[in-house]
Amino acid sequence: TGVRFLPTGGVKPENVETYLALAQVLAVGGTWLATKEDLAEGHWEQIQAKCSAVCALVKRRRACEV
């Protein structure tokens, strides 16, 4: 049907690859990427590292689609 999803609830480092393995999932997001503590304490490098790691997973899994 061409419907794609971007799950954000319940996604965490332990299951992100499971979500990305589904053809209907375009990408993922979630608060674990930028926790309240990381934001409050200005841990920008940690946030960037988490986001970069997920982006790399998406690109590897979706290389033929991106």
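This is a predicted model: local features need pLDDT of at least 70, side-chain atom pairs count only at pLDDT 80 or more; totals for chains, interfaces and linings use all residues.
Is Asp38 buried or exposed? At 8% relative accessibility, Asp38 counts as buried, where buried means under 20% relative accessible area, exposed means over 50%, and partly exposed lies in between, with a 1.4 Å probe and protein chains only. I will come back to that residue after some background.

Residues are numbered from 1 along each chain as its sequence is written, and side-chain values use heavy atoms, with hydrogens and water left out.

On confidence: pLDDT is the predictor's confidence in each residue, from 0 to 100. The chain has a mean pLDDT of 86, and 91% of its residues reach 70 or more. Confidence is highest in α2, at 96, and lowest in α3, at a mean of 87.

Now the layout. The chain has 3 helices and 0 strands, running α-α-α from the N terminus. Helices here are DSSP runs of H or I with at least four residues, strands are runs of E with at least two, and both are numbered from the N terminus. Along the principal axes, the C-alpha atoms fill a box of roughly 45 × 20 × 20 Å. Of the 66 residues in the chain, 26% are buried.

Back to Asp38. It lies in helix α2, residues 36-40. Leaving aside neighbours within four places in sequence, Asp38 is in contact with His43, Gln46, Ile47 and Lys50, contact meaning heavy atoms within 4.5 Å. What joins the side chains of Asp38 and Lys50? They meet in a salt bridge, at 2.8 Å from N to O. The term means a side-chain nitrogen of Lys or Arg within 4 Å of a carboxyl oxygen of Asp or Glu. Side chains of opposite charge can pair when their charged atoms come close. A search of the whole structure finds 1 salt bridge. The pair links distant parts of the chain, with Lys50 in helix α3, residues 44-61, and Asp38 in α2, 12 residues apart. Lys50 counts as partly exposed, at 23% relative accessibility.

Next, α3 itself. Its 18 residues should span 26 Å at 1.5 Å a residue, and its end C-alpha atoms are 26 Å apart, which agrees; the expected span is 1.5 Å times one less than the number of residues. Which residues of α3 are buried? They are Ile47, Val54, Leu57 and Val58. These cover an arc of only 100 degrees around the axis, so they sit on the same side of α3; the arc is that of the directions from the helix axis to the C-beta atoms. On the other side, Trp44, Glu45, Gln48, Lys59 and Arg60 are exposed. The cover over the buried residues includes α1 and α2.

Last, the core. A nonpolar core is a set of buried Ala, Val, Leu, Ile, Met, Phe, Trp, Tyr and Cys residues joined through side-chain atoms within 4.5 Å. The largest one has 10 residues in all, including Val11, Leu20, Trp32 and Val54. Two or more residues come from each of α1 (16-20) and α3, and α3 gives the most, with 3. Trp32 touches Val11, Lys12, Pro13, Val16, Lys50 and Val54, not counting residues up to four places away in sequence.
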